[in-house]
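Trainee: I have the model open on my screen. Could we walk through a few of its residues together?

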Amino acid sequence: MTESTPPTGNGEEAAYIEQILGRDGLLARAWEGFRWREGQIMGAYPIDGAIRSRTRVLIEAPTGTGKTLMYLVPAIYHATRHGRRVLVVTANLTLQRQLIEKDLPRLAKVLPWPFRYGELKGRQNFLCRKRAQDERYAPTSWQTEPERQQVAMLLDWEKTDEHGDKMRLPVALQRSVDQRLFVRSEDCERERCAFFGNDEDRDANTPRCFAESARARAFSAQILVTNYAMLCMHLRGYAQVLPTFDIAILDEAHVAADIARERFGFDMRPGVFARAVSLLAKEDEDLRADDSVIEAPSEAPVSEANDNGMPDEEFFEQVAQLVAPPDEDLAAVDPETLGKSIIDRGQKFFLRLSDLRENAPIALPNVDFDPNWRTLVDQLQRAARLYGYKADRLSPNDARARALAKRYDRSAQHCTALAARIEGAMTLADPDRFCYFVSDDEDKLALSQRALRVDEWFRARLFTVGRTVIMTSATLRTNGSFAHVCQEFGLEEKNVTTGFLPTPFDMMTQARLIVPAPDNRRMPSPVEPGFDAMVVRMVRRAIQLACGRTMALFTSRKRLRYVADNLGDVGYRVLVQGDMERGALLAEFQNDIDSVLLATGSFWAGVDVPGESLSCLVIDKLPFEADDPLSQAIKAQLLKQNLSPFQHWAMPRAILTLKQGLGRLIRTTDDRGVMVVLDTRLTQKSYGAQFLRSLDVPASCIVYRSDVISEFLQAAASAAEPRGD
């Protein structure tokens, strides 16, 4: 399937697609605002075919195609007709919320096939009933009035809301309130929680944990919506994160591998040590006073019940490390002294890392390192064994003791995981699969690990025999090929059904792309002196020619700041990323039609500003990524395979980012806009042609004069004005 080759269909079996999505189909008659789209129909047929044949399909669906309905209609059909459970994976909670609160409810009202849908997301998205109860009876000493007001609001909300979902709150929470009342899975005190468990495990008058209720609903759904964070937990082998599923739909599939690289690694921060040893010197007062719940030591060092949500294979590897040395007397270890020593050594460890954070990757096993990190590792492992010893002494016949034993077991796993991570980073363990570095993002120091390749996890636990996997996004191809995304997933392009759909927009009348002329030698390249000053001049000129209504996207915060500081008075309101929260900034830009927005980073994707507010998009340079430790390590791996890092990594990723940027400009058939790229490499380097080809913009839309901005936008405005009789 390509833009020029319409689908042949799947015979009468797929007739429902036309009946539902066709020009005169059910949605056209029953769904207000539904618009027939050729690409939507074209994409639905190969998705139906992949589901029937239990194979994989990659579909690039440009902005405006309507890809959500393109995949949901076939998925719901097969879920209800053939009992196939569907997993829809999104890139963020915003898209997840749109599916759950808008698209699926509307489809449930009009489709002739009744179906159940639900969503699955992390525990930290739900109000913790136990923390709320604790707050009622033993309130935290909150520092500010806004904190106290929000806590009071949440305590009332907990009594009346059915879901306890943070996304349903009308206000953004204070960080301190969020962290106190919305807990992560590893901080859940399930063993001591009256709200946790099934109905038969709780008192009849005790409501169920919000997160557990949501999980139960999700596991009974035919269409289950989740995000890549949850999928990655499943791919890593975490037990019972997702139910079994037959069909996986990866929306925004172009970001899946990057999210997996992060999720298959870790970020360890200084505060982890205090949390890991927090139970070391504590015992429940009631248990300490009751000798009947304390038993004589046994040989087993720790319970092997994996209640920590840790990947099973990692859990059992780490349990093996807890065997105590033959001469170790755990009963003689002072827990408080050990805990304080771990915290102290942990702080000194991170102070030393802070001094060395410019050295990345951090191959430091032979570097003078004071204090000795191996002593910290040994102490963490001893703490894990001590937790196991304490857990083993508790009677399995007492409910309170069993609950405390499970908490000890989780703490033991935490200590062992920290020891393994420190040792792995400091010795560069498994360098063909992982890289390690010290990061300092927003003044938050971390020891970090990232996966270099993620294809092995996708192949082992997602691309299994008999399962359909549908991967779609507006940006999957680079230079007309799916080779890069296939490489990321570990797929052979020849073994996957691939296709790209036609854009629903008339680019000849809706868009212009302004680039430096091939013979323009006056314009400096990004690596030449004067480039930043030229960007300021060109952004100012674009704003004037577009009468405001401009978004300028930058590839670095430094250049963004330089332009913002030197732009001067342009006659229009200038909004700058960082001046306010992202959502508020976009709302201001949308509502103040003549305003200007200067942004970078996350604004390259996921921004939807249809209409006149975004009429001109300026991009400072081709969005090649900074050479961070992860990129350096991946490029080194490609060189070992005799592959070009530029052709197989740097350029494909820059192309996809540029395509995402262009996707911000034209969002509907009524939009008109001009994109300006200020990078001379686009027309003066041989690889520039690959960028232009990947944008799928007709050659006649590409021009070299900036005054086209005003000419084109004025002509577009005149054409859009209603004519008199």
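Trainee: How many residues of strand β12 are buried?

Mentor: Buried means under 20% relative accessible area, exposed over 50%, and partly exposed in between, with a 1.4 Å probe and protein chains only. Strand β12 spans residues 550–554 and is largely enclosed by the rest of the structure, because its buried residues number five of the five. Keep in mind that this is a predicted model, where local features need pLDDT of at least 70, side-chain atom pairs count only at pLDDT 80 or more, and totals for chains, interfaces and linings use all residues. Residues are numbered from 1 along each chain as its sequence is written, and side-chain values use heavy atoms, without hydrogens and water. The count for β12 is five of the five.

Trainee: Which residue in β14 is the bridge partner of Thr550?

Mentor: Strands (E, at least two residues) and helices (H or I, at least four) are DSSP runs, numbered from the N terminus. Two strands pair if DSSP finds at least two bridges between them. β12 and β14 (residues 596–600) pair in the parallel sense over five bridges. In β14, the partner of Thr550 is Val596.

Trainee: Is Asn642 buried or exposed?

Mentor: Asn642 lies in the loop between α24 (629–640) and α25 (645–663). Its phi is near 60°, a positive value in a residue other than glycine. Since its relative accessibility is 72%, Asn642 counts as exposed.
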